[in-house]
Amino acid sequence: MAGKLMRAIQYDSYGGGADGLKHVEVPVPTPNKDEVLIKLEATSLNPLDVRFQKGVARPFVPRKFPVIPCVDVAGEVIEVGSNVVKFKAGDKVVALLNTIIGGGLAEYAVAKESLTVQRPEEVSAAEGAGLPIAALTAHKALVEIAGIKLDGSGPRMNILVTAASGGVGHYAVQLAKLGNAHVTGTCGARNIEFVKSLGADEVLDYKTPEGATLKSPSGQKYDVVVHCARDIPWSTFEPNLSDTGKVIDLTPGPSSICTYVWKKLTFSKKQLLPLILIPKEDKELKLLVKLVKEGKLKTMFDSKHPLSKAQDAWAKSLDGHATGKIIVEI
């Protein structure tokens, strides 16, 4: 593929929103010795993608301009690096690209072998592309931090998922139910039935006075909160937590970090734990793809857009009210 050009979407400065995205032709990337070159079939957007464009991680991400955004992809392996042993040309895969470099809104992308997994024919490209960032984040919160057993063998927990209709939230509800948890979800009124369909036992409309308190309708205290929303203070969570309840904050800001440190310093049994996802191996992503294949986990779609309409997908993500995943099909 050396010397060939591909269609891609990129932006060349911070800000600009959907209008800042440009359709370009750029060289097809060449895989390093530990990478695979993938002909992309689907890419999913995450809130972090549009936040990077806004400059939330400047000057570290993007590493340089112009940048091709997005990192959650699915497609077919076209070429492999000299040290790659798990994949060959023709393999269908799901991959998580380098978060700092991006590359997902294009016809081709390179991915590390260590963050690429086989995609069985039962899992569509769009279903697979929805998984990496969102489902891995939900998995880390529930399995690694909260201690949920996905086979249902662990102790029954009461779990609250905020923004339960979003990308991470809709996976978190499903994974928590696999772990035999009692699940309460928050969302807007239009998504109440959607969140119930994912398996939630109770659903709160966050815009109502009752929902804003986060109090469980059945009066139960939460052992774990998977906090996918933003701007909810610790004082709202604390009275709803069990004696050893944890709030796992997926979008930690300065106030979250301060609360985390304060709770540690005062040896509080109730904890706020910031979560930052830094995946290094493929084990969890393999498991998630397997769960989709078995019908135990579903990627739900807010919308699908062709690469030629990537600006529409970007604007939808900027709006911040996606129900499930936003997909760009290539």
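In which helix does isoleucine 257 lie? I found isoleucine 257 in helix α8, residues 254–265; helices (H or I, at least four residues) and strands (E, at least two) are DSSP runs, numbered from the N terminus.

I am reading a predicted model, where local features need pLDDT of at least 70 and side-chain atom pairs count only at pLDDT 80 or more, while totals for chains, interfaces and linings use all residues. Residues are numbered from 1 along each chain as its sequence is written, and side-chain values use heavy atoms, with hydrogens and water left out.

Entry: I noted 38% relative accessibility for isoleucine 257, so it counts as partly exposed (buried is under 20% relative accessible area, exposed over 50%, partly exposed in between, with a 1.4 Å probe and protein chains only).

Entry: aromatic pairs. I looked up how many there are and got three. Rings of Phe, Tyr and Trp (its six-membered ring) pair if their centres lie within 6.5 Å; planes under 30 degrees apart count as stacked, over 60 as edge-to-face and the rest as tilted. Tyrosine 11 and phenylalanine 65 make a tilted pair, 6.2 Å centre to centre with 55° between the planes. Tyrosine 11 sits in the loop between β1 (5–10) and β2 (22–27), and phenylalanine 65 in the loop between α1 (47–54) and β4 (72–80), so this pair ties together parts 54 residues apart in sequence. I have tyrosine 11 as buried at 3% relative accessible area, and phenylalanine 65 as partly exposed at 32%.

Next I checked tyrosine 11 against tryptophan 314: the ring centres are 6.3 Å apart and the planes at 55°, so that pair is tilted. Tryptophan 314 lies in helix α10 (residues 310–319), so the pair ties together parts 303 residues apart in sequence. Tryptophan 314 counts as buried, at 0% relative accessibility. Ring pairs link Tyr11, Tyr14, Phe65 and Trp314 into a cluster.

Entry: Proline 62 is in the loop between α1 and β4 and is buried, with 5% relative accessible area.

Entry: charge over ring. The charged end of arginine 58 sits over the ring of tyrosine 14, 4.1 Å from its centre (NZ of Lys or CZ of Arg within 6 Å of the ring centre and within 35 degrees of the ring normal).
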